[in-house]
Amino acid sequence: MAELLRVDSLRAGYGEAVVLNDISLSLGEGETLALLGRNGTGKTTLMDTLAGATRQHGGQIFLAGQALHTMPSHERAAAGIGWVPQERNIFKSLTVHENLTAVQRPGRTGGGHRAWTPERVYEMFPRLAERKANLGTQLSGGEQQMLAVGRALVLNPRLLLLDEPLEGLAPIIVEELLRAIARITREEGLSAIIVEQHPQAILRISHRAVVLDHGNVVHASDADTLHENPELLDRLLGVARKL
């Protein structure tokens, strides 16, 4: 499997504060990585750093051979990063359809995968199709999260970053989003890194897992290793969280 993402000796944080210490990891084409850890261990900082929203103090980041660490955030999006932050960052004053068309990029050729368009997003999330003329302010929290994922998809990224996509959502919406994420990654073959406070929900649809603690990688393995060993997961996270 070809390598898509490589992070070497990464140190980053906010201003002069260093949160990530010597982070190194890699991800192959078509792989999904579950990024786990207790609150405050650096998960969101790592996602923000990949997207270009922190101050990098050292190390390198490569995406498909391109040096991301030398690029500003808008160039990282063009290089293939699709980012769904915790805040979702949809345009609440625009309609669903306007949100999707405002950021759409042409699809990448090759690989046998169809480009992501607003129409494909509506196929993935029928709720959005029903509400395409609604403003962002008129959507439920779950619908806003679906729209945030859809906005990232129409950028036609190489790597999708999902920061706590299930947070605060009703169980029925959680299951709907999990099915969609599994289809996007497992069936469509889009690489992804997913931060989630409910590890068992994400481990079952991921290929690999990394656990952070105090800004360091303290565990890296196949996702199945943690999914099938709740005692190890409990030791690594302090408290086992199951969905």
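Predicted model: local features only at pLDDT ≥ 70, side-chain atom pairs only at ≥ 80, totals over all residues.
View 1. Just after H1 comes Gly 52, whose phi is positive, at about 90°.

**View 2. Arg 120 in helix H4, residues 118–124.** Arg 120 has a relative accessible area of 6%, and because the cut-off for a buried residue is under 20%, Arg 120 is classed as buried. When residues up to four places away in sequence are left out of the count, Arg 120 touches Arg 114, Ala 115 and Glu 188.

**View 3. The packing of helix H6, residues 141–153, against helix H7, residues 171–187.** Two packed helices are described by the angle between their axes and the distance between the axes. For H6 and H7 the angle is about 10° and the axes lie 10 Å apart. Because angles under 35 degrees count as roughly parallel, H6 is described as roughly parallel to H7. The crossing in which H6 passes H7 is right-handed.

**View 4. The residues that form the contact of H6 with H7.** From H6 the contact draws on Gly 142, Gln 145, Met 146, Val 149 and Leu 153, while H7 contributes Ile 173, Glu 176, Leu 177 and Ile 184. By residue class, the contact of H6 with H7 divides into six nonpolar, two polar and one charged. An α-helix has 3.6 residues a turn, so residues three or four places apart point the same way.

View 5. Along its principal axes, the C-alpha trace of the protein chain spans about 45 × 40 × 35 Å. The radius of gyration of the protein chain is 17 Å, which agrees with the value near 18 Å that a compact globule of 243 residues would have. Buried residues make up 51% of the 243 residues, and of the contacts in the protein chain with a separation of 6 or more, 69% are between residues 24 or more positions apart.

Definitions and conventions: Residues numbered from 1 in each chain as written. Heavy atoms only, no water. Axes fitted to C-alpha atoms, helices over the stretch in contact; angles between N-to-C directions. Helix = DSSP H or I, 4+ residues; strand = E, 2+ residues; numbered from the N terminus. Parallel < 35°, antiparallel > 145°, perpendicular 65-115°, else oblique. Left-handed = near helix turned anticlockwise from the far one by under 90°. Contact = heavy atoms within 4.5 Å. Nonpolar A, V, L, I, M, F, W, Y, C, P; charged D, E, K, R; others polar. Rg over C-alpha atoms; globule rule 2.2 N^0.38 Å. Buried < 20%, exposed > 50% of the residue type's maximum accessible area, 1.4 Å probe, protein only.
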